[in-house]
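This report describes selected helix, strand and loop features of the structure shown below.

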Amino acid sequence: MNEALTSPGALWRATTFADRALCAFLLAGSLAAALGFRAPSAPAGRAVVVVGRAAIAEMQLDVDASQTFTGRLGPITVSTRGGAVAVTASTCPHRVCVAMGWKHRTGEVIACVPNELLVRVEGGVPSDGAPDAIAR
Amino acid sequence: MPGLRVVSRAVPRLLAASRSPLLCFAILFVVFACARPPAARRIFTKTGFSMGTVAEIKIVHADSAAANAALDGAFAELARIEALATIHDPASEVSRLNAKAGAPEPVPVGPDLDAILRLGVRVARETGGAFDPTVGPLLRLWGFPEDPAVPDSAAILGALAFVGWERLERVSAEADGARWRLRDPGMSIDLGGIACGVGVDRAGEVLRRVSPDFLVNIGGDILVGGVKPDSSAWSVAIQDPRDLSRFVMTLRLRGPAALSTSGDYEHFVMNGNVREHHLLDPKTGWPGRDFCSVTVIAPDCARADVLSKPAFLMGKERAIDWVENDPDLEGVFIVENADASLAVRETSGVAELKHLPASPAPAGAP
């Protein structure tokens, strides 16, 4: 390493105006690049409702609403309230889907297997700490 | 692009005018290294229905197109295994075998069904029939999983006459598969306790060609490969069998590792105060009473899946000893006490899985 560059004053004397302009340009560029990589603010969470293989509806979690869909066995109601989603009524035999309660974390899924209906949370509260899978 | 042209002209001029080009190159290196990092590896997920249950597959990759193609391929592989092993399609390989029950001529099956049947028969033999792939007549009598109802004892005894893995024969090996037969008319194979685990393993093989790091979860039959993008272990929670919003424990698994849970809480019918569930003892025809949930952890999901059934059915002490004595297996056993509280018992290696650090230990750590 050049000894003349070890102190700020020496560095200043050792560089030309062009060096300093280049540094300023590069720093400004890298700052802009860094800002550009920032993720935009997270959108409001939503629940994607899938029946069979097709996504048939999206419901905003921050809007209080209920929608009834037609599953394989009959009607099944999905509700959103206070940033969360739940299956609140179902025609399936054991209502396991209703018992799964309210979900609000990204990636959480409520499934009604008999009705082949699936509700998946997207863009909601980050799933920090949630397990990657549940053995049931 | 005018901006790029300006930069491409300005940078060489500035470098030429500089008294310290080394410094400029160093700064350029740092800036470009920071501004254009390699694409980060992250988790891509696909969720849907497969094997009659919910399927969720995750893969760690930097490229979304490659990851999504792998996820699609894994789901396609699951569909392929389901198509040959389902009893709901009369054209499936297993349905064709069932349809020929009692016929003298054996039925040719492909290599995949051959492998599934061989595993099923092997486990049936090893467990003294606590697992039995010919349990189809019993499941049909009970109506599981679609429309369960409690049959009378005479009907159960009648169905048991058609259950018996010893009468499922691999008559000959073929160049591409084998020939099997069910010796007696009325017998039928149900692969619900085994095909899902095999499908999970096959889906894992598809994913492994693209990334060593993945997770396949088909209705609780789980296979993990490698680790997560931050090199931490995959976390897998075991469902509380009586409160579906809670877990009894969370395990941290580094692949390859698999686990499967058999429980009494998803497919059942109440008989007064008794929960009659789908895990039927092939010897008695009635549901197992010792546990409400059994999880088996194994190196592959086929074994985890198939072994969780006999572990559920072979009795408390024998089941725990049986899993404990197999160096490849671990188990978590949940019993419902008379006061409705739950007691959790586990094999000796489970404690280590619960306490595995989220990140790898530093080099040289004890």
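Contact is taken here to mean heavy atoms within 4.5 Å. Helices (H or I, at least four residues) and strands (E, at least two) are DSSP runs, numbered from the N terminus. The model is predicted: local features need pLDDT of at least 70, side-chain atom pairs count only at pLDDT 80 or more, and totals for chains, interfaces and linings use all residues. Residues are numbered from 1 along each chain as its sequence is written, chains are lettered from A and ligands numbered from 1 in the order in which they are written, and side-chain values use heavy atoms, with hydrogens and water left out.

**A helix pair in chain B**

R80(B), I81(B) and L84(B) of α3(B) meet D112(B), L113(B) and I116(B) of α5(B). By class, this contact of α3(B) with α5(B) holds 4 nonpolar, no polar and 2 charged residues; Ala, Val, Leu, Ile, Met, Phe, Trp, Tyr, Cys and Pro count as nonpolar, Asp, Glu, Lys and Arg as charged, and the others, Gly among them, as polar. The axes of α3(B) (residues 64–85) and α5(B) (residues 111–126) come within 10 Å and cross at roughly 70°. α3(B) is therefore roughly perpendicular to α5(B). Axes are lines fitted to C-alpha atoms, for helices over the stretch in contact, with angles from 0 to 180 degrees between N-to-C directions; under 35 degrees counts as roughly parallel, over 145 as roughly antiparallel, 65 to 115 as roughly perpendicular and the rest as oblique.

**The sheet and its helices**

An open sheet of 8 strands in chain B has the order β1-β2-β6-β7-β10-β13-β14-β15, with antiparallel pairing; two strands pair if DSSP finds at least two bridges between them. β1 and β15 (342–346) of chain B stand at the edges with a single partner strand each, so one side of each lacks a neighbour in the sheet. Direction ignored, neighbouring strands of this sheet are turned by 10° against each other on average. Within the sheet, β7(B) (residues 221–225) and β10(B) pair in the antiparallel sense over 3 bridges, and L223(B) has A258(B) in β10(B) as its bridge partner.

α9(B) packs on the sheet, touching β7, β10, β13 (293–298) and β14 (330–336) of chain B, and its direction makes about 30° with that of β10(B). α10(B) (residues 316–324) also packs on the sheet, touching β14 and β15 of chain B, and its direction makes about 165° with that of β14(B).

S308(B) lies in α9(B) (residues 301–313). S308(B) is buried at 0% relative accessibility, where buried means under 20% relative accessible area, exposed over 50% and partly exposed in between (1.4 Å probe, protein chains only). A polar atom of its side chain lies 2.9 Å from the backbone oxygen of D305(B). Leaving out residues up to four places away in sequence, S308(B) touches S260(B), T261(B), S262(B), V294(B) and V296(B).

**Backbone geometry in loops**

Most residues other than glycine have a negative phi, and most peptide bonds are trans.

| Residue | Phi | Relative accessible area |
|---|---|---|
| E116(A) | near 50° | 33%, partly exposed |
| M51(B) | near 55° | 18%, buried |

E116(A) is placed in the loop between β6 (109–112) and β7 (117–122) of chain A, and M51(B) in the loop between β1 (42–50) and β2 (53–61) of chain B. The peptide bond from G255(B) to P256(B) is cis, with omega near 0°.

Methods: Polar contact = N/O pair within 3.5 Å; in protein donor to acceptor, adjacent residues only side chain to side chain.
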